[in-house]
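Open the model in your viewer and keep the selection tool at hand. This tour goes stop by stop and says what to pick next.

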There are 2 protein chains.
Amino acid sequence: MVNRGVAADHVALRRNNLSVVLRHVHDLGPRSRARIAEETGLNKATVSSLVAELVERGLLREGSADSSRALGRPGQLVELDGTGVCGIGAEINVEYLAVVALDLAGNVVHEKRVPVDVAHLGPGTTLDRCAELVREAVDAVDARQGRLAGVTLAVPGLVEGETGELKLAPNLGWSELSVAKEMRSRLGEPTYPLQVDNEANLATLAAYGELREADALHDLVLLTGAVGVGGGVVSGGQLLRGARGYSGEVGHMPVAPDGQACGCGRTGCWETVVGLTALLRKATDPDNPVRDPSLDVERRLAAVVERAEAGDVRTLEALTEVGTWLGVGGAILVNILNPAALVLGGYFAVLGPWLEEPLDKALRQRVLAADGGGCRVVRSDLGFGAAVRGGAQICLDQVFADPTQLGES
Amino acid sequence: MVNRGVAADHVALRRNNLSVVLRHVHDLGPRSRARIAEETGLNKATVSSLVAELVERGLLREGSADSSRALGRPGQLVELDGTGVCGIGAEINVEYLAVVALDLAGNVVHEKRVPVDVAHLGPGTTLDRCAELVREAVDAVDARQGRLAGVTLAVPGLVEGETGELKLAPNLGWSELSVAKEMRSRLGEPTYPLQVDNEANLATLAAYGELREADALHDLVLLTGAVGVGGGVVSGGQLLRGARGYSGEVGHMPVAPDGQACGCGRTGCWETVVGLTALLRKATDPDNPVRDPSLDVERRLAAVVERAEAGDVRTLEALTEVGTWLGVGGAILVNILNPAALVLGGYFAVLGPWLEEPLDKALRQRVLAADGGGCRVVRSDLGFGAAVRGGAQICLDQVFADPTQLGES
């Protein structure tokens, strides 16, 4: 089936079919040309020609002989040549900087995360340090003679879709900043594409990539919990962007009328009752090292998990309260969007075992459709690595969508 | 550009290109084959062959000579043959039944609305009367020798996408009802397709059709205000359905913690503070005829408009209060979805002149992005006719998407 509304010519048809074959082998694994033809509905001669072009472009390669066929002569398998092309995702978040480089097969080529108090450091120094992380990742790609499809930088704030400008990041204290331009200048005006995107949207793309394969889910809402709370929506297999790219700002839904002051200047925003700061305030005393942003967030959360496992009453009460508030806002999202899954990311995933019961209960009470409209609560395995993964993936997706764009190897 | 992920064969390509040409003439008006070729990028011979097939199928026809060309010999114009194919939309709502038949060009062939207290009447009698309305519309299509593309019935409740079963309509007091089956049986098991859909989603499709042409908007949220409050979301040009078809249940977002009891059994749902019942309770005394559901809703609203125009303080205060509450829930939707427009439908559109100022103010205060993320408040002109129009349109859209499905005329 082709898109409605746009006439398809034969160049576009060929590009589409290159994309279909490349994705097919990526999604379903090594297979013979004959099998690709059977499964995609393309004829055998066309598949042979498409595979030849994809091999020339360094995206597919010849594999072993096909041993799965009982009858007839065995075909040669074709497999993804993942090693030659990489995408890089980097992230500036409230309490850390991170980077990952993935190859076309999704293997991690390079990965790093450093705890940083970004609001304290300010934009200039933070961007210097982030550029350094990106350079290290580019070097790692170069060291294995990979071609770089691009770099995506995740930021926790409103990114204007058209310009890539960061309009507002309340928890960083940044606003109206041309992050892409600043990064390009620090990286010496590189030739590879560099784009800036919202971290929750990128984390959502990564979680969708994970769940699409495992559970065939195509409607989901991801909640990323850190100091700020972000969200991303996939509906019918598409990430929602909104008119200007600002969609998913769930952390600032007004749900707690008598709530705490929020980083955005309002009171009662959802993140003031479910963000990491809210949890730690409820669960610990002010001088507790768990509250220290210069320590790695995963280590701090491990300490919370330890207390919860030991049955510490204050910790368990704080988790139940946060879980219930998660359900109050979650029910709003489920009523509006009817996702098949509410996916817990970031710190929500780590503390999921204690958050899920009160969350589930609140959903069932507050969603109009019986049984929460079929919505399951799911934990993402990607943790705080989701946004960088999504950022790298979005660069690689562009290769899958148009295998001709990188040129021949 | 073609869809990614699915191989396109040449039959699909031809079907797509028939659809492209038919939509092109529908959207942009009569034009020559040469101009269609220029504008779509298809070659002239292909366009001639596509037009010939569409004429044979009774969807396009030869028009007058093209007088727009100053040079060269004038081409023959091709125009939409709208008269031969119709779609029907019907609606069961809390206080009325309605039906409309539209031809392919969007002209109204037949239209009717009757005030009915559906909750009082019960499902059996209501469906009898609704079937009668549909039969009248089918007769009107038959009378002009039109072919019927299908019937869509709008209901104010949760409709399961896969089965078309009405799971729950709180304001009708209906649940777990196979409305499509009941209607088909009352209509004598007709051969045309009959489907059931959520009224807010259908109203959204109609409003999108209206605004897409006028303002090129592709991201919007429609709010339909009647006794119940429904919503629909178009994002990137696509209507959001959700995993089971239950999306858009905005009326039951919990926004007023100390609010009134809702038809759904909870308290504080958004519709308890912005629904028509809430407005009339605030603006009028219990014995006021304006509250009588056996009178036509548009006439009752005309009485409210009259009082507002006369400066009646109680009416104006009620409108300001409802407008502010509209903004409280509207801000949640705008933070999540970043639409280019929040479209007021149903009674919200009629009273828009008094609701918009407090609504706008609340949006600006509560949306994270500056200036409400660029979201405008817009009134739909379709009033209470939006859902039936959307229902008829969805049948016709299926003809536009695949002009081969109706057979040749």
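Start between chain A and chain B. How many salt bridges are counted between chain A and chain B? The count is zero. Keep in mind that this is a predicted model. Polar contacts are another matter: the rule finds 16 residue pairs across the interface of chain A and chain B, both residues at pLDDT 80 or more.

Now colour the side of chain A that touches chain B. Look for helix 1 (10–28), helix 11 (313–337) and helix 13 (352–366) of chain A; each supplies at least two residues of that side. Which helix gives the most? Helix 1 of chain A does, with eight residues. Next, colour that side of chain A by class.

Select the contact from both chains. Chain A brings 57 residues, and chain B brings 57 residues. The area buried between chain A and chain B is about 5000 Å². Carbon and sulfur atoms give 62% of that area.

**Next stop: inside chain A**

Keep domain 2 and domain 3 of chain A on screen. Now pick A:Glu95, A:Arg113 and A:Asn201. Together they supply 32% of the area that domain 2 of chain A buries against domain 3 of chain A, more than any other three residues.

How many salt bridges does the rule find across the interface of domain 2 and domain 3 of chain A? It finds four. To see a salt bridge in chain A, show the side chains of A:Arg113 and A:Asp296, which meet at 3.4 Å, N to O. Across the interface of domain 2 and domain 3 of chain A there are also six residue pairs in polar contact, both residues at pLDDT 80 or more.

**Next stop: B:Asp296**

Bring chain B back and select B:Asp296. Find this residue in the loop between helix 9 (276–283) and helix 10 (297–309) of chain B. Is B:Asp296 buried or exposed? B:Asp296 counts as buried because its relative accessible area is 16%, under the 20% limit.

Show side chains here. The side chain of B:Asp296 makes a polar contact with the side chain of B:Arg113 at 3.4 Å. The side chain of B:Asp296 also reaches the backbone nitrogen of B:Glu298, at 3.1 Å. Beyond neighbours within four places in sequence, B:Asp296 is in contact with B:Arg113 and B:Pro115.

**Last stop: B:His26**

Select B:His26, in helix 1 (residues 10–28) of chain B. B:His26 is partly exposed, with a relative accessible area of 27%. Leaving aside neighbours within four places in sequence, B:His26 is in contact with B:Leu80, B:Leu104, B:Glu213 and B:Phe400. Finish with a distance: the C-alpha atoms of B:His26 and B:Ser247 are separated by 30 Å.

Notes:
Residues numbered from 1 in each chain as written. Chains lettered and ligands numbered in written order. Predicted model: local features only at pLDDT ≥ 70, side-chain atom pairs only at ≥ 80, totals over all residues. Heavy atoms only, no water. Helix = DSSP H or I, 4+ residues; strand = E, 2+ residues; numbered from the N terminus. Buried < 20%, exposed > 50% of the residue type's maximum accessible area, 1.4 Å probe, protein only. Polar contact = N/O pair within 3.5 Å; in protein donor to acceptor, adjacent residues only side chain to side chain. Contact = heavy atoms within 4.5 Å. Buried area = accessible area lost by both parts, 1.4 Å probe.
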